[in-house]
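Subject: Structure handover

Hi there,

Here is the structure I promised to pass on to you. Please open it alongside this email, and my notes follow below.

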Amino acid sequence: MFKERRSVNFFDKNREINDKTLQEIVNLAVLAPSAFNLQPWRIIVVSTEVSKKMLYDLANKQEKIIEASVTLIIIGNKKGYAETNPVWEEMLQSVGNNHEMVDGAKQAAGFLYGSSEERKLKFAESNAGLLAMSIMIAAKELGIDTHPMSGIDFEGIHKGFNLQESETVVMAICMGYYDKSRPLYPRRPRRLFKDITTVV
Ligand SMILES: Cc1cc2nc3c(=O)[nH]c(=O)nc-3n(C[C@H](O)[C@H](O)[C@H](O)COP(=O)(O)O)c2cc1C
């Protein structure tokens with residue numbers, strides 16, 4: 001999968017992803033790890049012509065948004081550690097109603113991820129970033145191509161799609177079927193282990 005995934009620029013306008021496949025991709029991708037399993041993320045699926053046009057205007061008019069079957073807006077929750085996250089209730093049940101344990105975890109999460117603006121943002125973006133990568137890999141596994149984008153108007157999307165104050169736009173991901181009649185540039189080389197690692 002890793003070698004096959006590309007950022008596909010050209011999507012076949014006439015092929016839609018069916019709902020079941022989209023659901024399967026997301027339901028696989030949520031196996032991504034997250035801090036305390038808090039899953040501080042949500043996704044807006046941009047699928048209608050009207051909402052595609054709105055996102056297109058807020059994303060430097062990248063044509064792939066119009067051509068792709070859907071584009072996902074990946075949203076991180078900067079307050080995903082808070083009491084209101086339903087995951088805490090699930091955690092309580094998973095640990096046999098051990099309130100002490102869950103209260104300890106809540107306190108730790110509040111400190112680790114909620115004690116400064118920087119921590120809140122890192123928490124939201126790192127976790128939702130892992131979800132984003134998982135979506136692209138899961139999609140490829142199910143025969144669907146993707147294209148991640150951060151060349152977008154984050155604030156404009158936040159406002160235009162009515163996000164909460166505590167939410168942050170992490171990236172957008174176009175999804176659909178590659179139009180093979182339009183070639184992609186060959187994949188550009190990567191810097192490898194020897195270039196990017198320091199062993200200490
Ligand atoms: C976070 C992120 C943001 C990106 N934003 C854009 C973008 O706005 N527009 C675009 O054409 N490509 C965008 N790309 C795609 C990259 O250019 C592409 O992943 C890179 O050139 C490697 O190509 P490959 O994914 O086909 O291996 C983005 C990729 C990532 C991971």
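To begin with the fold: what pattern does the protein follow, read along the sequence? The answer is α-β-α-α-β-α-α-α-β-α-β-α. Please keep in mind that this is a predicted model. The protein has 8 helices and 4 strands, and its C-alpha atoms fill a box of roughly 60 × 45 × 30 Å along the principal axes.

Next, the ligand, which I expect you will want to look at yourself. Arg5, Arg6 and Ser7 are among the residues around the ligand, and Gln62 and Lys64 also belong to that group. Sorted by class, the shell holds 5 charged, 5 polar and 2 nonpolar residues.

- Arg187: a side-chain N or O atom is 2.7 Å from an oxygen atom of the ligand.
- Lys64: a side-chain N or O atom is 3.1 Å from an oxygen atom of the ligand.
- Pro148: a backbone N or O atom lies 3.3 Å from a nitrogen atom of the ligand.

On its own, the ligand has 620 Å² of accessible area, and the protein covers 63% of that.

Finally, a helix pair. Helix H4 (residues 87-94) packs with helix H5 (residues 99-114) at an angle of about 145 degrees, and their axes are 9 Å apart. The crossing of H4 past H5 is right-handed. On the H4 side, the contact involves Trp88, Met91 and Leu92, which meet His99, Val102, Ala105, Lys106 and Ala109 in H5. By class, this contact is made up of 6 nonpolar residues, 1 polar and 1 charged.

Happy exploring, and do write back with any questions!

Best wishes

Terms used. Residues numbered from 1 in each chain as written. Predicted model: local features only at pLDDT ≥ 70, side-chain atom pairs only at ≥ 80, totals over all residues. Heavy atoms only, no water. Axes fitted to C-alpha atoms, helices over the stretch in contact; angles between N-to-C directions. Helix = DSSP H or I, 4+ residues; strand = E, 2+ residues; numbered from the N terminus. Left-handed = near helix turned anticlockwise from the far one by under 90°. Contact = heavy atoms within 4.5 Å. Nonpolar A, V, L, I, M, F, W, Y, C, P; charged D, E, K, R; others polar. Near = heavy atom within 4 Å. Polar contact = N/O pair within 3.5 Å; in protein donor to acceptor, adjacent residues only side chain to side chain. Areas by Shrake-Rupley, 256 points an atom, 1.4 Å probe, with all protein chains shown as cover.
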